[in-house]
Amino acid sequence: MTRAAVIGCGDISALHFAAIEAMPDVELVAVCDTDPGRLEAATAAHGVAGFDDHQRMIEAEHPDVVHVTTPHAEHAAIAIDALRAGVDVLLEKPLAHSRGAGARVVDAAAESGARLGVCFQNRYNTPVVAAKQLLESGALGPVLGANATVMWHRDAAYYADRPWRGRWRSAGGGLLMNQAIHTVDLLQWLVGDVERVRGGAATRVLGEVIEVEDTADIVLDHVGGAQSTFFGTLNNPVNAPVTVDVVTEGAVLSLRGALTVTYTDGRVETVEEDASASGPRAYWGASHERLIRDFYGGIGSGEPFWIDGREAQKTLDIIQTVYDASFPARPTND
Ligand SMILES: NC(=O)c1ccc[n+]([C@@H]2O[C@H](COP(=O)([O-])OP(=O)(O)OC[C@H]3O[C@@H](n4cnc5c(N)ncnc54)[C@H](O)[C@@H]3O)[C@@H](O)[C@H]2O)c1
């Protein structure tokens, strides 16, 4: 049995607990949360030992894997402690709250040899996988460019519920670090590595409530000449479907939940998301369990997980470059 523990028992931990429970050869051995109420609820729900300090948990329970599902500013320190103890780490996005902290996690993973994975689960969405395969097949010709939007709604109550999400020191950013990071990651993964970032971020509506941005626009120049654009805001009245369009010489690939491929000869093909993508939080993507299973599947192989620290650093770097332009004096809590 692989021994797993979860550090940070808030909203997203539910998906991690569910994935752990769905794997017969993985056993949840402990939970950790600094909030006494959350800790008590998690120990009661899962019937395992509870700790308010991750180091003491690691020393006492010797988990093989820890899932880090805490606020952003806690990611790096906890991941580094676990990696140094030889524990594999599955880290929620982002890699870290700042560039410097992200680099420290990457270094710790390289030094320890333990497995590090970062939850960019949207890469496992069925239509996204199909888009990636089509692009890599070369059948559609070179990629000319792409565009993406995240038009979601987050109001004052969302931040009042979890004040860390609105602050530079605890979240390291807003729309881009918390919500749109998945979509920026898809752009750089689908279209290719980025060599130049131009963009801006601003707090357009929620400035009396939050420090971090609620709106951003970005232009990415990819190695090889393709260019992609991104626009996102948390001031839309609803959580609209994320859009990603990739334009190649032979087709336009449109991701709107489903993938629609419109070929230049007029043919149209559609790849639907699996039924598991439905539900009230379908806009998160439904692929956490697929990513988590994949991470565990490679434990002991000696191979790095394909979405490791260096891979997650690419998207963190894009976002931090936008912040450097728009919020050069932000506190980074480094
Ligand atoms: N992959 C996704 O689609 C997705 C979706 C939502 C959230 N997330 C990520 O999950 C993480 C958590 O987000 P959330 O919305 O669940 O937040 P949350 O506030 O609901 O939960 C965080 C929990 O961590 C606990 N915590 C804080 N510091 C801690 C520490 N040092 N040690 C142990 N526990 C600590 C808090 O008490 C809280 O219970 C963030 O990184 C967020 O970006 C990812």
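The legends below describe close-up views of a predicted model with its ligand.

**View 1. The hairpin of strands S12 and S13.** S12 covers residues 251–256 and S13 covers residues 258–263; the two strands are antiparallel and share six bridges. Leu255 has Leu259 of S13 as its bridge partner. One residue separates the strands, and Gly257 in the turn has a positive phi of about 85°.

**View 2. The hairpin of strands S13 and S14.** S14 comprises residues 268–271 and runs antiparallel to S13, with four bridges between them. Thr262 lies opposite Val268 of S14. Here four residues lie between the strands, and Gly266 adopts a positive phi near 100°.

View 3. The ligand takes up the space of the largest pocket. Around the ligand are 29 residues, of which Asp33, Arg38, Lys93, Arg162 and Arg165 come nearest. Sorted by class, this shell holds nine nonpolar, eleven polar and nine charged residues. Helix H4 (residues 72–84) contributes the most to the shell, with four residues.

View 4. In the side chain of Glu74, an N or O atom is 3.2 Å from a nitrogen atom of the ligand. For Arg165, a polar side-chain atom is 2.7 Å from a ligand oxygen atom. Asn178 places a polar side-chain atom 3.4 Å from an oxygen atom of the ligand. On its own the ligand has 850 Å² of accessible area, and the protein covers 92% of that area.

Key:
Residues are numbered from 1 along each chain as its sequence is written. This is a predicted model: local features need pLDDT of at least 70, side-chain atom pairs count only at pLDDT 80 or more; totals for chains, interfaces and linings use all residues. Side-chain values use heavy atoms; hydrogens and water are left out. Two strands pair if DSSP finds at least two bridges between them. A residue is near a molecule or strand if one of its heavy atoms lies within 4 Å of it. A polar contact is a pair of N or O atoms within 3.5 Å; within protein, one must be able to donate a hydrogen and the other to accept it, and residues adjacent in sequence count only if both atoms are side-chain atoms. Accessible areas come from the Shrake-Rupley method with a 1.4 Å probe; for residues, only the protein chains shown count as cover. On a 1 Å grid over the protein atoms alone, a cavity is a set of points where a 1.4 Å probe fits but cannot get out, and a pocket is an open set with protein on both sides within 12 Å along at least five of seven lines; lining residues have an atom within 4 Å of a point. A molecule sits in a cavity or pocket if more than half of its atoms lie within 2 Å of its grid points. Ala, Val, Leu, Ile, Met, Phe, Trp, Tyr, Cys and Pro count as nonpolar, Asp, Glu, Lys and Arg as charged, and the others, Gly among them, as polar.
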